[in-house]
Structure formats: structure tokens, C-alpha cells
Amino acid sequence: MKTNLHNLYLFRAIEAYPYELEKTAEALNYALAYDSENVIALCLMAKLQSEQLGDYRTAKAFYEKAIASNMDMTDIYPDYSRLLVNNGDYTEAQKLIDFALTIKGIDKAAILLNQGYLFEALNEFEKAEEALENSKMVALNNDFIYYVDEVIKRVNKKRKIQNNKNRVKETQESAKAETSKTNWFQTRLNNLL
């Protein structure tokens, strides 16, 4: 009976999220009271904490507990790696992505999408585009591919903006260097006269 009641609360939480947050939180608390190491309940609680309440620290703790409970559960890694990228924990996100890609049955397209997000956050736009293209190659859903195409367009716009900024900066530096050379020469000539 305990397992059935636990599943009932878990199903209620899954059904209620994200539209009825009060019911979701209540059902998750009951589900976790019956089984504090249920990976699905822990992941949903982490999503509730991060997406709805903005409590990244607590969400991260729930994801870590879920991984400790079952490292082979493939549903943990896409959301957790996205949380780490959004939270600015880039080295930890890279380690998690590298590990996730070794798990059998993982949604590689989602993990590679998060790899692209990570490179985008680090302003490594060429690597981001490469990861996003790889994500498209392993995707099995046309809507996902369309979404990745839109992300690639955004990354390309950011790359162009960065390239323009770099060109302006280089132009200003070369003009400054040119000015300093002529100023030194003019000063030297004025001293001789």
C-alpha cells in the first residue's frame, strides 16, 4: 500500500506542475515523506525550486540528492546542467555534461543543447554553434530541430556583435598607438628646435 500511495502523490504532483503550484508542492512533500530518495520526486522538487521560486541553491541540493540516489536516471541531467549554466557554475556544468554523455539512454540532443548554452554563456560562440549543430544531428524531433535553429541564429547575432566590438576596440588601440608614436616624434622635434 505504501508504494501505491507514494505513486499516487507523485502522479498528482506531475499532473499539477506547473499550473497548480500549491497542489504540486503538497503532493511532492507527501511523496518525499514516503520515499525521500525518489529520483522523480526530487527532480520535480528541484524544478519547482528553480523555475518557480528562483531558489537555485535548494534546487541544486535536490538535484545532487537525486544523482546520489540513482546516477543512471537520465531525466536528471538535462535540467540539472541547464540550472548550473544559468547559475554560472560553468566548470561544474561542463563536468556534468561530460559525464551525462557517457550514460546509456540519455537524451544526447538535450545535453548537447545545454553544451551549446554553456559555450554561449562563456562567449565561445564558435564552439556553441558546433555543439548546437551536433545537437541537431542527434535530435529525433522536428520541433526540437527548429528550436535549435533559432538558438543558432541568436548565437550568430551575438557573435557578430562581439566581432564588431572587437574591431572597434582594435581600431581604437591602433589609433592610440599611432597617436603616441607621432606625439613622441613631434615632441622630440620641438625639443630639437
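Predicted model: local features only at pLDDT ≥ 70, side-chain atom pairs only at ≥ 80, totals over all residues.

Tyr63 and Tyr80 are both buried. Four aromatic pairs are found in the structure. One of them is formed by Tyr9 and Tyr34, whose rings are stacked, with 6.0 Å centre to centre and 20 degrees between the planes. Because Tyr9 belongs to helix α1 (residues 2-16) and Tyr34 to helix α2 (residues 21-34), this pair ties together parts that are 25 residues apart in sequence. Tyr9 is buried at a relative accessible area of 16%, whereas Tyr34, at 32%, counts as partly exposed.

The buried residues Tyr63 and Tyr80 form an aromatic pair as well, again stacked, with 5.0 Å centre to centre and 25 degrees between the planes. Tyr63 sits in helix α4 and Tyr80 in helix α5, so the pair ties together parts that are 17 residues apart in sequence.

Which residues of α6 are buried? In this helix, residues 90-100, they are Ala93, Leu96, Ile97 and Ala100. Viewed down the axis of α6, these residues fall within an arc of 100 degrees, so they line one face of the helix. An α-helix has 3.6 residues a turn, so residues three or four places apart point the same way. On the face of α6 turned away from the buried side are the exposed residues Thr91 and Lys95.

Notes
Residues numbered from 1 in each chain as written. Heavy atoms only, no water. Buried < 20%, exposed > 50% of the residue type's maximum accessible area, 1.4 Å probe, protein only. Helix = DSSP H or I, 4+ residues; strand = E, 2+ residues; numbered from the N terminus. Arc of directions from axis to C-beta. Phe/Tyr/Trp six-rings, centres within 6.5 Å; stacked < 30°, edge-to-face > 60°.
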